[in-house]
Every structure is written in C-alpha cells, then in structure tokens.
Amino acid sequence: MYWSKLFIPTLREAPAEAEVVSHKLLLRAGYVRQLAAGLYSYLFLAQRSILKITAIVREEMDAIGAQEFLLPALNPAELWQESGRWDAMGANMFRLQDRFGRDLCLGMTHEEVMTSIARGELRSYKQLPQIWYQIQTKFRDEPRPKSGLLRVRQFIMKDSYSFDLAPEGLDVSYEKHRQAYCRIFDRCGLKYVTVEAHSGAMGGSQSQEFMVASDAGEDWVVECPACGYAANSEKAVAVAAPPQAADPDGDFTPEEFHTPGRKTIAEIAEFTGLPATSQMKSLVMVADGAPVLALVRGDHQLSETKFQTATGADECRAANAEEIRQWFGADAGSLGPVGAKNMRLMIDETLRGRRNLIAGANKDDYHLKNVTPGEDFQAEFIDLRQVVEGDTCAGCGGRVKLTKMVEIGHIFKLGYKYSKSMGLRITTEEGQETAPIMGSYGIGIERILSAAVELYHDKDGMMLPPPIAPFTVVITPVNFGDTAQREAAERIYSECKRAGLDVVLDDRDERPGVKFKDADLVGIPYRVTVGKKLPLGLVEVVERRERKSQDLPVDQVAAHLRELL
RNA sequence: CGGGGCGUGGCUCAGCCUGGUAGAGCGCCUGGUUCGGGACCAGGAGGUCGAAGGUUCGAAUCCUUCCGCCCCGACCA
C-alpha cells in the first residue's frame with residue numbers, strides 16, 4: 001500500500017482529553033477516534049491490528065478444538081431473567097424495548113445465550129465435551145469509562161464456554177484454555193503474568209487472570225519474586241508485618257478513656273502514643289441489608305471483595321451515618337466491637353492472638369483500651385484485609401511486591417450456575433439426567449492492543465510487537481521525487497510484497513523528518529530508508545525498538561526482512 | 001452518584017477577572033524555494049466561542065439552567 005493513499009491521521013500533539021500513554025498514542029498515531037465517553041471508532045490502523053490479534057486468537061482457539069460461533073448482541077430479557085442476571089446486572093446492562101414493548105438488552109457476556117443453545121441441542125454425554133467461542137462485541141454501561149480503550153462501554157471480546165460431564169472434564173477444558181491463552185499472549189508479544197483471581201460470591205471454584213503491568217491498570221497484583229506466588233489483591237493472602245509495639249501483657253478488662261475530638265487512627269495514635277498497629281479499626285458494613293462489623297488492624301485496609309466473599313452476600317456497602325448512629329449510638333470515629341449488638345462481627349486473621357488493644361467505645365469521644373478479641377467480644381476470624389507492600393509471602397516468607405496491572409484475560413470455572421438455573425440437562429452413560437459443568441473464558445481484544453502500547457512505547461511513539469503491528473515494514477524514500485530512489489523503493493516494495501510482508505511505501509511528498517516521525521509514531525517495526533547511500537547500491541534497515549540500523553544491498557532487503565519476521 | 005477540572009477553526013491553547021467589531025502556533029489550500037529527524041517565504045480558506053434562557057445599548061466575557069468530555073472516589077460479570 002502507498003501511504004499517500006491511506007487515511008492515517010497522525011497528530012503532532014495529543015488531544016487534551018487523553019491522559020494515559022496508550023490513549024494518547026492511539027489518538028496521535030491515528031489508530032482511533034473517540035465518539036463519546038467509552039465509545040471509540042477504530043480507524044484503518046487499529047482495525048488492522050485488531051484483525052491480526054483476532055487471527056492469532058482464532059488459530060489458538062481452533063487448535064484446542066474450540067468451535068467458533070457468532071451470537072446476537074441483542075438479547076431478550078427472558079433469558080437473563082432465567083439466570084437471575086436481568087436484575088443482578090443492575091445499571092451495568094444496557095436495556096431497551098422493541099416496538100412492541102418487549103424488553104431487550106445488549107449482551108455483556110453470553111453465558112445465557114450459550115446455555116440456551118446447549119439446552120436446546122445437547123442431549124447425551126456422548127456429545128461432551130464441547131467448547132464454543134465467539135469474537136464479538138460486548139456492551140457494558142460502565143459507571144466511569146476511562147483510560148482510552150482500557151475501560152469502555154463497547155468492546156470486542158473473545159468469549160468461550162465449555163460444557164463437560166464432570167469436574168475432571170472441566171479441569172481439562174480449563175487447562176486447555178490456560179495453555180491457549182499463554183500461547184495467544186506470547187504470540188502477541190506481551191509480557192504478562194497469570195494470577196489467582198477472585199471467583200465471585202456465587203460458587204465458582206477457581207479462576208485466573210492474565211495481567212500486564214501498567215500504571216494505567218486498575219488491579220493490584222501481589223507477587224512473590226522468590227517463589228512465584230501471584231494473586232490479584234482482591235484474593236491475595238500474605239503475612240502482615242508484626243505490630244510496631246508489643247501488646248501489654250496481662251489479663252486486663254477494657255477501660256474507657258476520654259478522646260475528645262480524636263476520631264481517626266492517626267489521631268488516636270498520636271494521643272495515646274501507641275502505633276496504629278495497636279488499634280482495631282472498626283468498619284460498619286451492610287451486607288444484603290444486615291449490619292456487619294468488620295475489624296482490621298489499625299494500619300490495614302478492609303478488602304471489600306474479601307469481605308463480601310466472606311459474608312456470602314450479593315450486595316455489600318459501607319453503612320451511612322444515620323445507620324451507624326442507630327446501631328451503635330455513636331458516630332464513626334468512636335466505634336468498636338465491645339457491646340456491638342444484633343450484628344455479625346468479623347475480625348481479620350492478623351488480629352488473632354493479639355491482646356489489650358485499643359478500639360472505639362461506642363460512645364462519642366471515648367475509646368477503650370485493653371480490648372482482647374475472643375475474650376471481650378466474640379467474632380469470626382477471617383482474612384479480610386488488603387495485602388500491602390512490606391508483607392511477606394505466606395508460602396516462602398519472601399517479601400511480596402504489589403504492581404498495578406491491566407487484566408487482558410480471565411478463565412473461570414463456572415460450575416453449575418447456568419446449567420442448573422436454565423435447565424440444561426443431558427443423559428449420562430447410566431441413563432440418568434444430569435447438569436453439565438461449565439467454564440467461561442474471556443479475552444479483551446482491544447486491551448491486548450492497549451496493553452502492548454502501554455508496555456512498548458518511547459517518546460516518539462509506539463513500538464508494537466511485529467505480530468500485531470498494522471504494518472511490519474515501511475519503505476521510506478528520503479526524496480520520492482528522485483527517480484533512482486523511487487525505483488529502488490518500488491522494487492523493494494514489490495519484493496517485500498512477494499515475500500508476504502505487510503509493507504507500506506511512504507510515497508508522500510514530505511520532508512524526510514515528517515516521514516520518519518510518522519513511522520516511529522505509528523510504530524512500524526522495521527523501516528527501510530532509501531536515501532544517500534543508494535548510489536552505492538545500499539539502503540538502511542532500521543529496527544524501531546532498538547533503533548539498530550544496518551546497510552544492505554537493495555536486492556537483499558526483502559529476503560533479510562523475511563528472515564526477521 | 002459524590003468531589004474537582006475543562007468546553008473558543010482539524011489539534012494545542014490565549015482572550016473571560018475588569019463586557020465594546022474573535023486571536024496565535026501547528027495543520028489545511030495555492031504558488032515558489034527546499035529535501036536524512038515534524039523546513040522557509042508569499043498569499044488564502046476555515047469559528048452560530050458546547051446549548052438554551054437572562055442581564056445589558058452591547059455578552060466568548062456577567063448570571064441561571066442544561067449538555068458534553070476528562071480526572072479522583074464509589075462501582076466493575
């Protein structure tokens with residue numbers, strides 16, 4: 001293709017609305033344009049990358065025996081009502097009505113539709129296992145779309161679903177996906193980690209996420225470099241740093257003391273002269289409408305995900321000021337476990353064995369000292385806190401590190417949630433009816449592109465891995481008006497084409513600097529510069545990432561690049 | 001939904017406080033000179049200043065309401 005004929009609207013400056021690197025570069029390099037919050041048009045270059053990514057995904061999915069479908073994005077309400085998710089999805093689901101007033105939604109994911117196909121067609125254990133997938137557009141009415149293509153309201157997902165007779169079969173389907181995902185992300189040139197993920201409150205037994213490190217990410221991943229442990233912080237377990245002061249030894253009873261105007265952990269620490277680790281932080285939560293008091297060490301944060309999982313509730317939130325007043329007779333800042341009535345108490349494992357701690361007195365402007373869990377109040381010990389930097393690995397004792405990451409894929413053992421709620425039954429070898437066990441597996445296609453840009457860029461632009469770059473070679477004659485340069489460039493161009501390379505010839509009547517800048521910005525992995533060395537029969541082959549340059553005779557360029565790519 | 005910021009040619013922004021005939025740079029078009037890292041000269045096109053209402057002789061500028069976009073938080077199968 002000839003650059004002068006292509007629509008590649010590069011910008012010298014990034015539009016003001018872009019903040020994260022991948023967003024800025026995708027706009028500047030002319031890959032995408034924004035239509036509205038969380039809605040992007042993919043222009044020529046982005047579409048080329050996306051086609052390359054989806055081709056890789058397709059090959060690897062096909063290789064594990066998965067079969068490609070294409071399901072409607074528009075779904076009838078009834079299907080989602082059967083699984084219970086018409087209500088559960090809440091405001092995150094786009095809903096609409098047809099001309100007859102029938103409720104419809106735009107699919108956020110396709111467990112329901114896949115299950116409805118399965119229950120209509122699958123009859124016998126002989127038909128299992130099945131893996132069905134699609135590469136299709138998903139819609140989610142995100143409360144806050146952000147970060148360019150990283151969090152959007154419409155995006156392309158590869159989603160697959162496995163149906164197996166028994167858990168051992170699901171293990172196999174799951175493992176096939178795990179390996180296929182590794183191959184996909186390897187082939188896309190990404191540096192990623194696989195982490196244990198939160199499986200949700202509704203009984204999924206196992207799930208893993210594929211994550212790429214990026215400051216633009218929204219998840220924190222806890223990793224132990226020593227033993228390789230890696231988990232999403234929503235689920236991660238680690239050993240907390242020991243308390244900064246030893247607990248008073250002795251069998252004391254709780255004793256009230258006046259703390260006028262001191263409400264925060266830091267204020268109490270300053271007032272008492274004891275560190276935050278000597279305090280219990282009391283958090284009043286509401287789980288499915290019922291109050292629950294969650295207790296963590298003063299310097300720790302409650303993990304709401306762990307909390308929700310522990311309660312088994314569908315919906316959790318922090319209590320508001322009126323509720324707290326009503327339940328405790330005091331305001332936030334003076335709350336504690338002693339005397340908390342008519343509610344469940346949960347306490348973080350880190351506080352097991354601690355004695356004579358400080359907590360709120362449930363009386364405004366008063367706190368208690370000498371509060372001992374298990375003696376002065378009863379609570380369920382559960383891991384509730386967020387892992388922090390400085391904790392040590394529960395497995396090997398190494399120091400864990402936390403890294404912000406973007407989720408690009410998620411594999412999930414679903415269990416029987418959909419097969420049971422939607423009445424999918426097959427007949428076993430023994431002639432009994434049984435519900436197949438399911439798995440679901442997702443890859444965010446645009447996130448692969450964005451994550452690659454986040455991972456590989458410099459001040460001049462993108463440095464996309466060749467397998468997903470829109471072009472792999474650009475031929476840049478310094479002066480296209482020069483006959484010798486033009487002829488050499490065209491010759492190399494057609495030889496590259498014949499060698500099967502994705503090549504573009506920059507035939508624009510621009511100064512060389514403009515062409516070099518655009519090639520760098522767009523992130524084409526190799527550039528062939530046809531210029532001053534041509535009289536010697538030589539051109540330069542420049543590698544984008546390292547900027548390594550090599551002079552080659554005109555007739556060897558295509559073969560050389562063919563080797564590299 | 002709470003908090004903050006921003007909306008002025010395609011892009012980046014000035015002008016707004018203190019009301020008085022809409023600007024710059026880049027980009028675009030024409031002609032010329034250039035040609036190894038975003039050239040130079042000359043000429044030119046392009047804007048209902050987010051929208052509506054109000055105040056005023058007069059509103060980009062002041063007031064009210066609404067809309068949109070971004071950021072932080074809440075939320076996130």
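Trainee: Hi! Which helices and strands each supply at least two residues of the surface near RNA strand B?

Mentor: Those are strand 1 (32-36), helix 13 (512-522) and strand 31 (526-530). Helices here are DSSP runs of H or I with at least four residues and strands are runs of E with at least two, numbered from the N terminus.

Trainee: Before we go on, what should I know about the model and its numbering?

Mentor: This is a predicted model, where local features need pLDDT of at least 70, side-chain atom pairs count only at pLDDT 80 or more, and totals for chains, interfaces and linings use all residues. Residues are numbered from 1 along each chain as its sequence is written, chains are lettered from A and ligands numbered from 1 in the order in which they are written, and side-chain values use heavy atoms, with hydrogens and water left out.

Trainee: Thanks. Back to the RNA: which element gives the largest share of that surface?

Mentor: Helix 13, with eight residues. There are 40 residues around RNA strand B, and R12, A16, R140, R151 and D520 come nearest. On the RNA side, 47% of the atoms within 4 Å of the protein belong to sugar and phosphate.

Trainee: And how do the residues of that surface divide into nonpolar, polar and charged?

Mentor: You get 16 nonpolar, five polar and 19 charged. Nonpolar covers Ala, Val, Leu, Ile, Met, Phe, Trp, Tyr, Cys and Pro, charged covers Asp, Glu, Lys and Arg, and the others, Gly among them, are polar.

Trainee: Which side chain has an N or O atom 2.7 Å from a phosphate oxygen of RNA strand B?

Mentor: That is R144. For sugar or linking oxygens of the RNA, E13 has a side-chain N or O atom at 3.2 Å, and R85 has a polar side-chain atom at 3.3 Å.

Trainee: Switching to K459, where is that one?

Mentor: K459 is in the loop between strand 27 (457-458) and strand 28 (461-462). The side chain of K459 makes a polar contact of 3.1 Å with that of D460. A polar contact is a pair of N or O atoms within 3.5 Å; within protein, one must be able to donate a hydrogen and the other to accept it, and residues adjacent in sequence count only if both atoms are side-chain atoms.

Trainee: Is K459 buried or exposed, and why?

Mentor: K459 counts as exposed because its relative accessibility is 73%. The cut-offs are under 20% relative accessible area for buried and over 50% for exposed, with partly exposed in between (1.4 Å probe, protein chains only).

Trainee: What about T372, buried or exposed?

Mentor: T372 is buried, at 2% relative accessibility, in the loop between strand 20 and strand 21 (380-382). A polar side-chain atom of T372 lies 3.0 Å from the backbone nitrogen of N356. Leaving out residues up to four places away in sequence, T372 touches R354, R355, N356 and F377, where contact means heavy atoms within 4.5 Å.

Trainee: What is the phi of N370?

Mentor: About 65°, a positive value although N370 is not a glycine. N370 belongs to strand 20 (residues 366-371) and counts as buried at 10% relative accessibility. D288 is a non-glycine residue with positive phi too, near 50°. D288 lies in the loop between strand 15 (280-287) and strand 16 (290-297) and is partly exposed at 46% relative accessibility.

Terms used. Near = heavy atom within 4 Å.
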